[in-house]
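Let me put the model up, and then I'll talk through a few spots in it.

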Amino acid sequence: MPRKLTSLILLILAALLASSAEAATIAAGTHLSCAVTSSGGVKCWGTGNGTPADVTGLTSGVSAVAAADYTKCALTTAGGVKCWGHNESGQLGNGTTTESSTPVDVTGLSSGVTAITVGGKHACALTTAGGVKCWGWNSSGQLGDNSTTQRLTPVDVSGLTSGVAAISAGDFHTCAVTTTGGVKCWGSNDRGELGDDTTTRRLTPVDATGLTSGVSNVVASGYHTCALTTVGGVKCWGFAYYGSLGDGTYTDRKVPADVSGITSGMTVLAARQDYFYATVCAGSASGVKCWGYNDAGQVGDGTTTTRNAPVTVSGLSAGVTELAVGSQHVCAKMTDGSVKCWGGNAYGALGDGTTTQRSTPVDVIGLGSGGDTVVTAQPTVLAAGDYHSCMITTAGGAKCWGDNSYGQLGNGATTDSTIPIDVSGLTSGVTSIAAAANQTCALTTAGGVKCWGRNSNGELGDNTTTERHAPVDVSGLTSGVAAIAVGSFHACALTTTGGVKCWGYNTWGQLGDDTSTERHAPVDVSGLTSGVAAIAAGDSHTCAVTTTGSLKCWGRNGYGQLGDNTTTARSAPVAVSGLTVSAIGAGYSHTCALTTAGGVKCWGYNGRGQLGDGTTTDHSTPVDVTGLTSGVSAIAVADASFNCALTTTGGVKCWGKNDYGQLGDNSTTERHTPVDVSGLTSGAAGIAAGGYHACAKTTTGGIKCWGWNGDGPLGDATTTQRLTPVDVYLTDAASLVLAQGWNLVGNSTQTPLTVATTFGDATKVASVWKWVAANSNWAIYLPSMSSTELTAYASSKGYTVLSSIAGGDGFWVKANTAFTAQLPSGTAVASSSFQGLSSGWHLISTGTIETPGSFNTDLSATPPAAGVVPTNIKSLWVWNPAQLKWYFYAPGLEAQGGTALADFIANSGYLNFTTANQKLGPGIGFWVNMP
């Protein structure tokens, strides 16, 4: 054969191989899924969010996405790589081990990359030169650089700086397809997953036996690997538990073996192994076949029966272009760009707006033709009414705080609360929450709606006008709902079929049923029985975003808040022209929308500058908010003439009315354009705006609020107005935000904390220490040691082994990296329970929100006389890991009056509780020296 012709054939083969492994636009990890939209954005769903949501900062310019476990990466159209999620092993590739909820650049890979893959705790990139670079965890040599050294930035795979066409990362091994069609693998090989007829670990690439040519793609999983041949056949090797090799047996294979009945015709392949449980799928234009573990219906044949040979996925007879397999679910991209998923759905990974397990495919909401999602109805975990606030806990429970005059806190009473309290009967199973003037509604995991609070106009939807102090079902809506919205005297629900139903007050037509008749149970909105993706309810008007991104509004329109260039009230939806939007918010007499470009536009009443255009002129059509034409990821529209925006960088900006400090800029000055909220220029993950206050959820799991606080809606255990954000005190399942180094924290719930469960990751935790006052010695836990090693080590040092931390106990954690841990869910430990502490040092924690002085007072069985400082304790100490200093308090010095305590603190180099507004409370451990 002439040399030129041979070279041409090799080039053609390389091109074919590259196209078969082209950039993946769908991905599946543990309990989550992601997709690249036709506009180049990334949307993900799962881990509690049952419908697709934009990835911050990635609304355009992306060509591919990859996911595994809890780490995701995106390939930009410029050839760069960005990753987000867990980073305990450096798998984000940015030179740190700091977790990031938003995408960060992978060091050195801002361009020149054509494909990406994410494994258990490592990731790899294929360069335009055909080379492979990997980073992250490397205990088994999965990075291929001839070492087992963890890498926080990309390193070259030995011998593969060119000549590679496709890559795939498993949990502990990695594989590549060469431009000549061969397969090379490296890393862990305990079950023969490298395919080289051994079980020897390899720190550099080795050939898979019999596969030096003829392969178009490869997928590496936990302990096995599969390859797609150029003729469309599938071969697998490695661990065969639960039939993952698809050859009709449960026998491990150290060399590639044919999958039964699939010797040709397949064009796409995907696999995933979660510990020992693996599922594999192969597809083509004629359908999809899957095999392996099937506990959640992920094989897609309508059963939960494990299959050791391929079976056909029901309802996917044609049109599949991509496949992605997660730990218990599978997704397929269709030729029309839509996405269908099936399998486990406890965390919303199927994207159908539910958490219902599916053994056959269902459509992902909002991912239609072209794979694009203009907008979706996203769960709201934070809500603010006029004088109260609510949140969803990590356990899926609902908590509310603030004004409770009408029972809007849902705890069966009408007593106000300045800290979060549980909503009766809703300590779990809640996915979204909404609040308005004096009522609250929650969306359950079953897709039902429950409401509570004022009901004078039937706004609770239970077909009565009876005030409810605990949740009641909305009539006819015990399932089938995807989102909820609450207005001042009415509420609405978005169904899973895309329809809208409303109930309550209707004088202005805000229910949209083409009448002005009050409704005490849900009625359909005229013309909107399908095709809707998001809803918002204002004081007396309502809006809906369609699946195509268009906007429709109805109800009161005296200031042009419907956006149709009139001031005519509408009892049925009318179109807002000239907008393609991704989110909507409605206030008292104005409306704001988030555009698909990430900008904010507002319209309606503008007397307090709430339209944000620098004027106080009303507008009956949308106008741009000054300075926010891009870079915004969420909006919150308050009933009382102000708004806030969450930027893609995690900052919060607010504008409009500010008489109670609700803009959070440390003033009460009205602002007609957006201003930064003090202390929240980054680190925010969600926002809510109420009547005269606002709240933000932080990326560390905390909540901060600011503004009016007369009934306690800020949740800081006071009724003090705040001009800047203050922490909401979460007394149940509080987060332990740990800095790198030494942290003094505490279990402030009455539920014992299991140390190995909470702190068992040796990459994050070096050691855990607890002082045992009764024995005057330390108990210790080191996650890097086995139980035998730990017992021997503790004994040699005179320590005991720490296995559990009781409620009320403080303890030390030495962290290798900054991370957030969670306290067990349970009733808070009250300060009064510490009365009677013995003399000497005690390391404790309380769930009651206290100043050191009030804690000192609480230790008195009899309250002291007014103005008298009790001397129940000698001193109290809290460690500040950020400043490496102690907060100090001594009642004896305080009793001296004047500046005695403050002077001692300053002269000693300590920190002052009072000037720092530091309090004791959930998750905070402290030392007390008792007299």
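I'll go through a sheet, a serine, and then some aromatic rings.

Quick housekeeping: this is a predicted model, so local features need pLDDT of at least 70 and side-chain atom pairs count only at pLDDT 80 or more, while totals for chains, interfaces and linings use all residues. Residues are numbered from 1 along each chain as its sequence is written, and side-chain values use heavy atoms, with hydrogens and water left out.

Four strands make an open sheet, ordered 17-18-19-20, with antiparallel pairing. Strands here are DSSP runs of E, at least two residues, numbered from the N terminus, and two of them pair if DSSP finds at least two bridges between them. Strand 17 (215-220) and strand 20 (253-258) each have a single partner strand, so they are the edges, and one side of each is left without a neighbour in the sheet. Strand 19, residues 234-238, is joined to strand 20 by 3 bridges.

Next, Ser168, which lies in strand 13 (residues 164-169). Buried or exposed? Buried, at a relative accessible area of 9%; the cut-offs are under 20% for buried, over 50% for exposed and partly exposed in between, with a 1.4 Å probe and protein chains only. The Ser168 side chain reaches the backbone nitrogen of Ala220 at 2.8 Å. Its contacts (heavy atoms within 4.5 Å), leaving out residues up to four places away in sequence, include Thr117, Cys175 and Val219.

Now the rings. How many aromatic pairs does a search of the whole structure find? It's 29, where Phe, Tyr and Trp rings (six-membered ring for Trp) pair with centres within 6.5 Å, and planes under 30 degrees apart are stacked, over 60 edge-to-face, the rest tilted. Trp771 and Trp778 are edge-to-face, because their planes are at 65 degrees, with the centres 5.3 Å apart. Trp778 is partly exposed, at 23% relative accessibility.

Then there's Trp812 with Trp879, a tilted pair: 6.4 Å between centres, 55 degrees between planes. Trp812 is in strand 64 (residues 810-815) and Trp879 in strand 67 (residues 875-880), so this pair ties together parts 67 residues apart in sequence. Both Trp812 and Trp879 are buried. They also belong to one aromatic cluster whose members include Trp742, Phe888 and Tyr910.

That's my tour, so over to you.

How values were computed. A polar contact is a pair of N or O atoms within 3.5 Å; within protein, one must be able to donate a hydrogen and the other to accept it, and residues adjacent in sequence count only if both atoms are side-chain atoms.
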